[in-house]
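The tour goes stop by stop.

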Amino acid sequence: YAESLASSQPTFEPMAAALAAPFTLVDEILHTLTLATLSQHKPDLVLLSVPFPGALYAALRIAQTIKAQNPHITIALGGGFVNTELRELAEPRLFDLVDFVTLDSGERPLLALMEYLQRKRSKQRLVRTFVRESPHPNPLPEGEGADAGTVRYINFVEPEVPFEEVGTPTWDGLPLDRYLSLLDMLNPMHRLWSDGRWNKLTVAHGCYWKKCSFCDVSLDYISRYETASAATLADRIETIVSETGQTGFHFVDEAAPPKALKALADELISRQLPISWWGNIRFEKTFTPELCQLLADSGCIAMSGGLEVASDRLLTLMKKGVTVEQVARVTKGFSDAGILVHAYLMYGFPTQTVQDTVDALEYVRQLFENGCIQSGFFHRFSCTVHSPVGLDPAAYGIELIPLPPVTFAKNDIGFIDPSGVDHDALGVGLRKAIYNYMHGIGLDEDVRAWFSHLPGKVPKPTVGRNRIAKALAQPA
Ligand code: SF4
C-alpha cells in the first residue's frame with residue numbers, strides 16, 4: 001500500500017523507480033493472479049479503477065504484467081484517485097503502462113472510448129480522456145535523450161449518463177465467499193467498515209449540500225448532484241441481493257440526501273425487502289426522531305456523518321450548515337431509534353486554536369456520555385487544491401506554500417497558519433481520547449488529561465460540563 005508514491009506526488013519519478021525494482025512477495029502474487037485472470041477472460045480491454053493513492057502502485061503492476069504478456073490489450077485507468085489528483089497529468093511515461101486515462105464518472109468516457117476502439121468514432125471525440133501523442137517517429141540525434149511523447153487531454157462534450165440510467169453494479173465473477181473479513185476493533189460501529197462484506201451502492205450522485213469549505217466541491221463527484229427514484233433504487237437493491245445472495249448494504253454517498261432516504265425507506269418497507277443498511281449523511285435537522293425511526297424500520301443499522309471541529313465558530317467558517325447542539329439532537333434521535341452513530345471529526349482547521357481543540361474534545365466527550373454517538377475518528381485537516389480553502393486561502397486566514405512544477409499528481413497543498421498551533425502534538429491526545437471513549441473509558445475525566453504530554457498548561461474547557469445534556473433536554 002504505497003500511498004506516498006502517488007499521493008500529491010508532483011512527479012512520476014518515485015513511482016517509476018518502484019516499478020523498475022524487483023518484485024516483492026506481494027507483487028509476485030499479484031503477477032500470478034493477473035496472468036490467471038488474463039488467461040481466463042482473454043480481454044481486449046482492461047479497465048483499472050484506482051480509488052485511493054495507495055492503490056495506484058498495484059494497478060500499475062497489473063498493467064505492467066498485462067503489457068508484458070500482450071501489448072495489444074488496451075488498458076484504461078480511472079477512479080477516485082485519478083479524478084482527484086491526475087487532472088493536470090502531463091507525464092508521458094504513464095502511457096508506457098496504460099493507453100488511456102479518464103476523468104470523473106466513467107460511463108460516458110468509456111462508451112466513447114469503446115466506440116473509438118471499434119472505429120466508430122474519431123479520437124477527437126473522446127470524452128474527458130488523456131492520451132499520449134506518439135513519440136517522435138524518427139530517433140532523435142544522439143545526446144538529445146529519449147522522446148517519450150506528450151500528453152493530450154481530449155474532452156468532446158457530451159451529456160452524462162443520468163444517475164437514473166447508470167444501471168446496477170455487478171460483482172459477477174468475483175469469489176465473494178472468499179471475502180476477507182477483518183476485525184480490527186471491538187467497537188460495534190467502528191468495526192462495520194472492515195468486518196464483513198457490504199454491497200456498495202449510492203442513493204444519489206454527488207452532494208446536495210456542496211458547500212463545506214474543506215471539501216472538493218469544485219469536482220464532479222461532489223458538485224453534480226443527481227438522484228434516482230426510490231423505485232429504481234429498490235430495483236437495484238433487489239437485483240444485487242439476487243446476484244450476491246447478501247442483504248447488507250453500505251450506501252457510499254458522500255452525504256445521502258434525507259428526502260431520498262425517506263422515499264427509499266418507504267419503498268423498502270412497502271416491498272417488505274429485508275435488508276440491513278448504513279450510510280453517510282449530514283447531521284441536519286431534517287432527520288427528526290420520526291424519520292430516524294422510519295429509517296430504522298427499513299433496515300438502517302448505522303449512520304456516519306461529519307461533526308468536524310465541534311465548535312460553532314469553526315462550523316460556520318467551514319460552511320458546514322450545522323451547529324453542535326443540532327448535531328447532538330440529531331445523533332440522539334438516531335441512537336434512540338437503535339441506529340449506531342459515527343462522527344467524522346477534524347482538527348487543525350485554519351485559525352483553530354488550542355482552546356478550540358480543548359472545547360471540541362469536551363463536546364465530543366459529552367456526546368459519548370449522553371449516548372449521542374458511539375464511534376468517531378479525528379482526521380487532520382488537509383488543504384486540497386480543489387476545495388474553497390485551497391482556492392481562496394486568504395478568506396480563511398492562511399497562506400499556501402507554492403507547489404513545485406507538477407506533471408503528475410496534485411491534491412494536498414501545504415499552508416502556513418499564522419496561529420502557529422502545534423496540531424501534531426494535539427492530535428496525539430485527540431486520538432488517544434477517542435480510542436478510549438469508543439471503549440467507554442475515561443468519559444468522566446477532565447479532557448485536559450489527554451494532553452498531559454504537552455509542555456506548558458493546557459487551557460480549561462470553556463464549555464460547561466452539562467452543555468449537551470441541557471441542549472437535549474430542551475424542545476427542538
Ligand atoms: S463535506 Fe460532505 S456535506 Fe460537505 S460538501 Fe462535502 S460531501 Fe457535501
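Is Pro169 buried, partly exposed or exposed? At 32% relative accessibility, Pro169 counts as partly exposed. Buried means under 20% relative accessible area and exposed means over 50%, with partly exposed in between (1.4 Å probe, protein chains only).

This is a predicted model, in which local features need pLDDT of at least 70, side-chain atom pairs count only at pLDDT 80 or more, and totals for chains, interfaces and linings use all residues. Residues are numbered from 1 along each chain as its sequence is written, and side-chain values use heavy atoms, with hydrogens and water left out.

**Stop 1: Pro169**

Stay on Pro169. It lies in the loop between strand S5 (150-154) and strand S6 (199-201). Helices (H or I, at least four residues) and strands (E, at least two) are DSSP runs, numbered from the N terminus. Show the surroundings: Pro169 touches Lys200, Leu201 and Ile240, not counting residues up to four places away in sequence. Contact means heavy atoms within 4.5 Å. Pro169 and Thr232 are 63 residues apart in sequence and 13 Å apart in space, C-alpha to C-alpha.

**Stop 2: H2 and H3**

Select helix H2 (residues 25-41) and helix H3 (residues 56-69). Their axes come within 9 Å and cross at roughly 50°. Axes are lines fitted to C-alpha atoms, for helices over the stretch in contact, and angles run from 0 to 180 degrees between N-to-C directions. The angle makes H2 oblique to H3. Angles under 35 degrees count as roughly parallel, over 145 as roughly antiparallel, 65 to 115 as roughly perpendicular and the rest as oblique. The crossing is right-handed. A crossing is right-handed if the near helix is turned clockwise from the far one by less than a right angle, and left-handed if anticlockwise.

Show side chains. H2 contributes Asp27, Leu30, His31, Thr34, Leu35 and Leu38 to the contact, and H3 contributes Tyr57, Ala58, Arg61, Ile62, Thr65, Ile66 and Gln69. By class, that is 7 nonpolar, 4 polar and 2 charged residues. Ala, Val, Leu, Ile, Met, Phe, Trp, Tyr, Cys and Pro count as nonpolar, Asp, Glu, Lys and Arg as charged, and the others, Gly among them, as polar.

**Stop 3: H8 and H9**

Move to helix H8 (residues 258-271) and helix H9 (residues 289-297), whose axes come within 9 Å and cross at roughly 40°. H8 is therefore oblique to H9. This crossing is left-handed. On H8, pick Leu261, Lys262, Ala265, Asp266 and Ile269; on H9, pick Leu291, Leu294, Leu295 and Asp297. The contact has 6 nonpolar, no polar and 3 charged residues.

**Stop 4: aromatic pairs**

How many aromatic pairs does a search of the whole structure find? It finds 15. Rings of Phe, Tyr and Trp (its six-membered ring) pair if their centres lie within 6.5 Å; planes under 30 degrees apart count as stacked, over 60 as edge-to-face and the rest as tilted.

Select Phe349 and Tyr396. This pair is edge-to-face, 6.5 Å centre to centre with 85° between the planes. Both residues are buried. Next, select Tyr437 and Trp450, also an edge-to-face pair: 5.9 Å centre to centre, 90° between the planes. Tyr437 is buried at 2% relative accessibility, and Trp450 is buried at 8%.

**Stop 5: Thr357**

End in helix H12, at Thr357. Thr357 is buried, with a relative accessible area of 2%. Its contacts are Gln352, Leu426, Leu430 and Phe451, not counting residues up to four places away in sequence.
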